[in-house]
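Hello,

Here is the structure you will be working with. Please have a look, then read my notes below.

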Amino acid sequence: MWHEDPPFAAWRWHHHASRLAILSVTLSFLSFAAPLAAQDSPCDPAVERNAKGGSLGYRSRGDHCEGLYATDVAATMMWVASLTVAFAEYDLSSTAPLHVSWSAPQGKLTHLRAHGIKRDLYYRMDLPRATGTDSWQWPTDVLAAQGIERSDIGVLGWVDESVGAVEYELFVPVSVTLPGTMQASSGAGSYEMIVVPNVRLEEVYVSLAKVDTVGDRPEGEYIKKQEALGQRVYPTQRPIKIQLSEFTEPGIYLVEVTATRSDGRPVTMDPMWVYHPGW
């Protein structure tokens, strides 16, 4: 029987053990990296499952997810689609990106989302941003390819806030401007909020109050309480624009939007907490 010299046998065992160790580390890294990559995906799984095929379908596009999907994934009777301090009219023939900016509480991770608000336009853009950033360059290739105008979409920004075991979304007004320009706000010291009803409404009411923290309900005076918009018609899936101009000192504000249906039944939307950095 052939025997290896002890030094050579030891080298073979050491070499084999080293290869096993490297393989074990590699497999461990891959098993860790796979769920981590999925966790870091900017895509909404519910929308991604309904994505349209082709290059314009909702999918990951680098640091964000954007595109079209086949069916509506919203089931609420009324939902908020946009909260902006400025939203410029853009040129679909231009290849320049749009400049998106916001002011969030320091150290908070900001999420951005764009919705289609035109009837039967199932479009979404999702962007989770890193802590400490306050702007982003939004490529317009998907918007241009599908002919999506500024009036067809709404934009939201928010940070996650926790109060005890309860998590809330604190909305931050967003500014969408053209490259190298400063766009005036939606009004002189005002925000434009857009809500979309999935049922026909008779009237819409808005309440606004300054609060100390996210999740609070004011114990004292509201800045305005159940103020009717006074529009004559609120058709199904027709965006409703609400001007919010009563913000005074910086801080957190509670915005409540309620409505009545044409048959008299009430419609409520989840309360919104809005961060106002000051004008």
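Cys43 and Cys65 form a disulfide, with sulfur atoms 1.9 Å apart (a disulfide here is a pair of cysteine sulfur atoms within 2.5 Å). The structure holds one disulfide. The link of Cys43 and Cys65 is right-handed, with 75° about the S-S bond. Cys43 sits in the loop between helix 1 (6–39) and helix 2 (45–48), and Cys65 in strand 2 (residues 65–68), so the pair ties together parts 22 residues apart in sequence. Helices (H or I, at least four residues) and strands (E, at least two) are DSSP runs, numbered from the N terminus. Cys43 is buried at 10% relative accessible area. Cys65 is buried too, at 0%. Buried means under 20% relative accessible area, exposed over 50%, and partly exposed in between (1.4 Å probe, protein chains only).

A word on the source. This is a predicted model: local features need pLDDT of at least 70, side-chain atom pairs count only at pLDDT 80 or more, and totals for chains, interfaces and linings use all residues. Residues are numbered from 1 along each chain as its sequence is written, and side-chain values use heavy atoms, with hydrogens and water left out.

Six strands form an open sheet in the order 7-4-10-3-11-14, with mixed pairing. Its edge strands are strand 7 (135–138) and strand 14 (240–244), and each pairs on one side only. Two strands pair if DSSP finds at least two bridges between them. Strand 11 (residues 191–197) pairs with strand 14 in the antiparallel sense, over five bridges. There, Val195 stands opposite Ile240 in strand 14.

Thr140 is buried, with a relative accessible area of 8%. Leaving aside neighbours within four places in sequence, Thr140 is in contact (heavy atoms within 4.5 Å) with Ser94, Thr95, Ala96, Pro97 and Leu98.

Last, the largest pocket. About 810 Å³ of space lies in it. A pocket is an open set of points on a 1 Å grid over the protein atoms alone, where a 1.4 Å probe fits, with protein on both sides within 12 Å along at least five of seven lines. Its lining residues have an atom within 4 Å of a point. The volume is the space filled by probe spheres set on the points. The lining counts 35 residues, of which Thr76, Met78, Trp79, Val80 and His115 lie nearest the centre. Among the elements giving two or more residues to the lining are strand 3 (78–87) and strand 8 (153–163).

Best wishes
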